[in-house]
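I open this notebook to record what I looked up in the structure. The entries follow in the order in which I took them up.

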Amino acid sequence: MKALDALAATRGLITMGALQENAKGQDRRIVLLGTGADFWPIFSASPEYNDPDPDPLDRWSMRVMQDLMKQTGASEIAFPFGGPPYAPFLRWAEATGHAWPSPVGMLIHSHAGLMISLRGALIFDGQKATPPPPGISPCKSCKDIPCRSACPVGALKGDGGYDVAACHAYLDTPDGQDCLTQGCKARRVCPVSIRFGRNPEQSAFHMKAFHPR
């Protein structure tokens, strides 16, 4: 895993956990990769980001994951986009023992917090993953749970779902420019997210994709 960590780091990616599955009697190890603290300078200098074609991040992810597949000997790659059908990334993430549902519904990662951004998975046939440790969600020890009250319009309702219309409407207001340019407030106030850090330009990029004008 250390060799893969080093290769991923050169692309601004980090390993976000691994799991083992058995498909049709064949063991396989699935390693999830997501954006790390060094991702934005690398991606924003890429040809995909700087050309006029749509979906630059998805195209960048496909190119980088294909390179990593060749370098690591992985037999397959999977992406959280491009469906339907979609690969079960949420289930995979929880199965790694490093991600859990948060009080506001979205997944929280042990290292990235609510800034989790999965870009792909490398799949190694015939390999067994190290069983994940019995992880405990950082939400269990979070005293104030600031994510619950951070959204100015209460759009994130946990088990009650996500009021997408209210979120979009707020982003069209002057007050909503903070979320639009800095990123979702609920994600930003998470103590784990704060320690992880993220370039505000990356958050603005994601928000623009979510709320194009």
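I began with the ring cluster: ring pairs link Phe 39, Trp 40, Phe 43, Tyr 49, Trp 60 and Phe 205. Rings of Phe, Tyr and Trp (its six-membered ring) pair if their centres lie within 6.5 Å; planes under 30 degrees apart count as stacked, over 60 as edge-to-face and the rest as tilted.

I noted that this is a predicted model, in which local features need pLDDT of at least 70 and side-chain atom pairs count only at pLDDT 80 or more, while totals for chains, interfaces and linings use all residues. Residues are numbered from 1 along each chain as its sequence is written, and side-chain values use heavy atoms, with hydrogens and water left out.

I found 12 aromatic pairs in the structure. Phe 43 and Phe 205 form one that is edge-to-face, at 5.4 Å centre to centre and 70° between the planes. Phe 43 lies in helix α2 (residues 39-44) and Phe 205 in helix α11 (residues 200-210), so the pair ties together parts 162 residues apart in sequence. Helices (H or I, at least four residues) and strands (E, at least two) are DSSP runs, numbered from the N terminus.

I then checked accessibility: Phe 43 counts as buried at 0% relative accessibility, whereas Asp 172 counts as exposed at 55%. Buried means under 20% relative accessible area, exposed over 50%, and partly exposed in between (1.4 Å probe, protein chains only).

I placed Asp 172 in the loop between α7 (164-171) and α8 (177-182). Asp 172 and Arg 213 are 8.9 Å apart in space, C-alpha to C-alpha, and 41 residues apart in sequence.
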